[in-house]
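Keep both in view while you work through the exercises.

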Amino acid sequence: MEPMDIVGKNKEDASLPKATMTKIIKEMLPPDVRVARDTQDLLIECCVEFINLISSESNEVCNREERRTIAPEHVLKALEVLGFGEYIEEVYAAYEQHRLETMDTVRSGRCSNVAAMTEEEALAEQQRMFAEARARMNGSATVPAKQPDSEALAEQQRMFAEAHAEMNGGVTIPSKQPDSEADQNLTS
């Protein structure tokens, strides 16, 4: 059998992490069973070939539906087409579990509170992070907790607006001037 061309690489170049695969193999077998190293290598090669087969068929399913991105539904359909229908329910359950775990990670991570920030808060957070990075680079143990003054904040906003205008073909964002005394207090 000739090596399959996988995105410019030979089949021999595509592999799975041996340590992880060895751990999976050992977990699946009773503790008193040993597996020869060449058998482990053969199992790893079988797994790679299986992944290539499922990926290829998923791509064909995707192309038949005139899509450009392989979706989980394409993988499930590929399993069915290739005669692995009995695994569809288990694969779908694993996918759902992964999706839920991923959503929980995104919700509990930094990503969730970034969207809720105002532009001013995001700029202040960015400056704080820059200060932390500078302190680490300079070997300082402490990071100043100084908030940017109104002039620095106005300069940051101006630079942000200029960068945004460049990215949007010269369309500028008007800078918001404080409408009331309450708004003025927010910027100072």
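This is a predicted model: local features need pLDDT of at least 70, side-chain atom pairs count only at pLDDT 80 or more; totals for chains, interfaces and linings use all residues.

Residues are numbered from 1 along each chain as its sequence is written, and side-chain values use heavy atoms, with hydrogens and water left out.

**Exercise 1. The whole chain**

Task: Find how many helices and strands the chain has, and what share of its residues is buried.

Solution: Begin with the elements, where helices (H or I, at least four residues) and strands (E, at least two) are DSSP runs numbered from the N terminus. The chain comes to eight helices and zero strands, and from the N terminus on its elements run α-α-α-α-α-α-α-α. Next take burial, where buried means under 20% relative accessible area, exposed over 50%, and partly exposed in between, with a 1.4 Å probe and protein chains only. Buried residues make up 13% of the 188 residues in the chain. Last come the contacts, meaning heavy atoms within 4.5 Å: of those with a separation of 6 or more, 38% join residues 24 or more positions apart.

**Exercise 2. Helix α2**

Task: Compare the reach of α2 with its expected span, and find which helices its buried residues pack against.

Solution: The expected span of a helix is 1.5 Å times one less than its number of residues. Helix α2, which covers residues 37-64, has 28 residues and reaches 41 Å from its first C-alpha to its last, close to the 40 Å expected. The buried residues of α2 are Q40, I44, V48, N52, I54, E57, S58, V61 and C62, and these pack against α1 and α3. Consider one of them, E57, which counts as buried because its relative accessibility is 11%; leaving aside neighbours within four places in sequence, E57 is in contact with R64, A78, V81 and L82. By contrast, E45 is also found in α2 but is exposed, with a relative accessible area of 55%. The C-alpha atoms of E45 and A14 are 9.3 Å apart in space, although the two are 31 residues apart in sequence.

**Exercise 3. The faces of α6**

Task: Explain why the buried residues of α6 are said to line one face of the helix.

Solution: Helix α6 (residues 119-138) has 20 residues and reaches 28 Å from its first C-alpha to its last, close to the 28 Å expected. In this helix, L123, A124, A131 and A135 are buried. Seen down the axis of α6, the buried residues fall within an arc of 115° (the arc of the directions from the helix axis to the C-beta atoms), so they line one face. On the other side of α6, R136 and M137 are exposed. The helix is followed by G139, whose phi is positive, near 80°.

**Exercise 4. The second largest pocket**

Task: Determine which residues line the second largest pocket and to which classes they belong.

Solution: On a 1 Å grid over the protein atoms alone, a pocket is an open set of points where a 1.4 Å probe fits, with protein on both sides within 12 Å along at least five of seven lines, and lining residues have an atom within 4 Å of a point. About 360 Å³ of space lies in the second largest pocket, a volume being the space filled by probe spheres set on the points, which are joined across faces, edges and corners. The lining consists of L16, M21, I24, I25, M28, L43, C47, F50, I51 and Y87, and α1 (18-28) and α2 each supply at least two of its residues. Ala, Val, Leu, Ile, Met, Phe, Trp, Tyr, Cys and Pro count as nonpolar, Asp, Glu, Lys and Arg as charged, and the others, Gly among them, as polar. By class, the lining therefore has ten nonpolar, no polar and no charged residues.
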